[in-house]
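Please open the model in your viewer and keep the selection tool at hand.

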Amino acid sequence: MSSWKGKTRGGLLGYQIFIFLIRKLGLGAAYLLLRFVAMYYVAFAPKSTAGIYKYFRTIKMPWPKAMLSVYRSYYVFGQTLIDKIAIGSGSADKFAYTYDGIEHLRGLKDTGGILLGAHFGNWEIAGFLLNDINLTTNILIYEAEHEKIKNFLDKVMNSKHVKIIPIKNDLSHLFKINNALRNKEVICMHGDRFVDGARIVEKTFMGKKAYFPLGPFSMLTKLKVPYTFAYAVRGKGRVYHLSATPIHEVTTSAEQILDDYIKHLETKVLSHPLQWFNYYDFWSKDVKGASVQS
């Protein structure tokens, strides 16, 4: 199914082992262990492996390179998780950062607004980088992951500038979003995944039909707050690059904003193909449980 089930694979023990290595032996030791973990996922996570292999083939990658890229994708994804832990627990100085469009983000200090991203690059590190310009950031995540991630952040990471807003069935997250925007804070949310019950629409992504959620884009048209498309990608070495488009005001429909989002996302993904972190069949036609909008 192309709907995401609301949980990211990986257990607490895995986090604990990597945190131990980072603290006791450094990032290099964590990256070394990660090489074996990435090979494990290639062999023993067949659905994830098939999903990400289909992605590489869809973006026209030759099959030998696509097969190698499956391993590299798991490895890079693991690196971004390790880096997130390291940066959030006080080792931000071990990394370098570059910015493109930071002046647009600074403009949100006076108004608040929404950053639309995807499961591409490291969106949580983007939240940390926003601290540099004194933006209070709220990250919108699904309830199924909330407790694990929140406990992880509270116990291991020092940053108090990134807040978590869990998406709940009782819609209480809408009140928290409104409160944050009234305080001129920033909301980070994704526009690429959907879960059961979501309203979705079929669009062309990377040359093939895929389903996207309408919810994030409908929310923009209702709230009518400034928004930007923003991503943080990992460069060579320990470098993160945060980019943001100019600030947009809501003047069009939700679907038109989605079309713009997809166009921009395609460009970013093709420039960093290993940092697309949706490990399922993104182009699946099986959307049982979702509400398809015509």
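Buried means under 20% relative accessible area, exposed over 50% and partly exposed in between, computed with a 1.4 Å probe on protein chains only. This is a predicted model, in which local features need pLDDT of at least 70 and side-chain atom pairs count only at pLDDT 80 or more, while totals for chains, interfaces and linings use all residues. Residues are numbered from 1 along each chain as its sequence is written, and side-chain values use heavy atoms, with hydrogens and water left out.

Next, select Phe56, Leu105, Phe205, Tyr261 and Trp276, which touch the most other members of the 90-residue largest nonpolar core (a set of buried Ala, Val, Leu, Ile, Met, Phe, Trp, Tyr and Cys residues joined through side-chain atoms within 4.5 Å). Helix α4 (residues 63–91) gives the most to this core, with 10 residues; helices are DSSP runs of H or I with at least four residues, strands are runs of E with at least two, and both are numbered from the N terminus.

Now move to Lys203 and Glu255, whose side chains meet in a salt bridge at 2.7 Å, N to O (a side-chain nitrogen of Lys or Arg within 4 Å of a carboxyl oxygen of Asp or Glu). Because Lys203 lies in strand β6 and Glu255 in helix α10, the pair ties together parts that are 52 residues apart in sequence. Lys203 counts as buried at 12% relative accessibility, whereas Glu255 is partly exposed, with a relative accessible area of 27%.
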